[in-house]
Amino acid sequence: MKNRITVRHGMLEDLVAYLAQSGWKLEDTKGKYEVLRARLPGRPQPLLVHDRTSGGCGYSIDERDMKVYRGWKRNRRKRGVDPSWPTEEERRKYWDGRRADGRKMS
């Protein structure tokens, strides 16, 4: 089952950076609601992040990936960034219409 709001708007880019730093390989997304797909070598299933804007706010991840999510939140806390809320810069980038990879949303 998916956790309803685990990654708030604007924080996806930081999650992508954390996964890349941790050895995850980013893959192309599949489907309308999938915004991130990453695979760790040696792990059979990918980490998936789904867009929840149509039914809520933020993004959701599968419950089986909560350990990865908690590690990301710990990493944000160690860097002095609020783990539960996006920074002003993250919010501004998101609301200006930029995707996690820096491209403008259409």
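Modeller: For the lining, Ala, Val, Leu, Ile, Met, Phe, Trp, Tyr, Cys and Pro count as nonpolar, Asp, Glu, Lys and Arg as charged, and the others, including Gly, as polar. The model is predicted, with local features needing pLDDT of at least 70, side-chain atom pairs pLDDT 80 or more, and totals for chains, interfaces and linings using all residues. Residues are numbered from 1 along each chain as its sequence is written, and side-chain values use heavy atoms, without hydrogens and water.

One cavity of 30 Å³ or more is counted; a cavity is a set of points on a 1 Å grid over the protein atoms alone where a 1.4 Å probe fits but cannot get out. The largest cavity holds about 40 Å³, a volume being the space filled by probe spheres set on the points, which are joined across faces, edges and corners. Its lining residues (an atom within 4 Å of a point) are Leu-15, Leu-47, Ile-61, Asp-65, Val-68 and Tyr-69. By class, five are nonpolar, none is polar and one is charged.

Of the 106 residues in the chain, 39% are buried, that is, under 20% relative accessible area with a 1.4 Å probe, protein chains only.

Mean pLDDT (the predictor's confidence in each residue, from 0 to 100) is 83 for the chain, and 83% of residues reach 70 or more. Confidence is highest in strand 1 (residues 25–27), at 95, and lowest in helix 3 (residues 88–95), at a mean of 82.

Key
1 Å grid on protein atoms, 1.4 Å probe; cavity = no way out; pocket = protein on both sides within 12 Å on 5 of 7 lines; lining within 4 Å. Helix = DSSP H or I, 4+ residues; strand = E, 2+ residues; numbered from the N terminus. Buried < 20%, exposed > 50% of the residue type's maximum accessible area, 1.4 Å probe, protein only.
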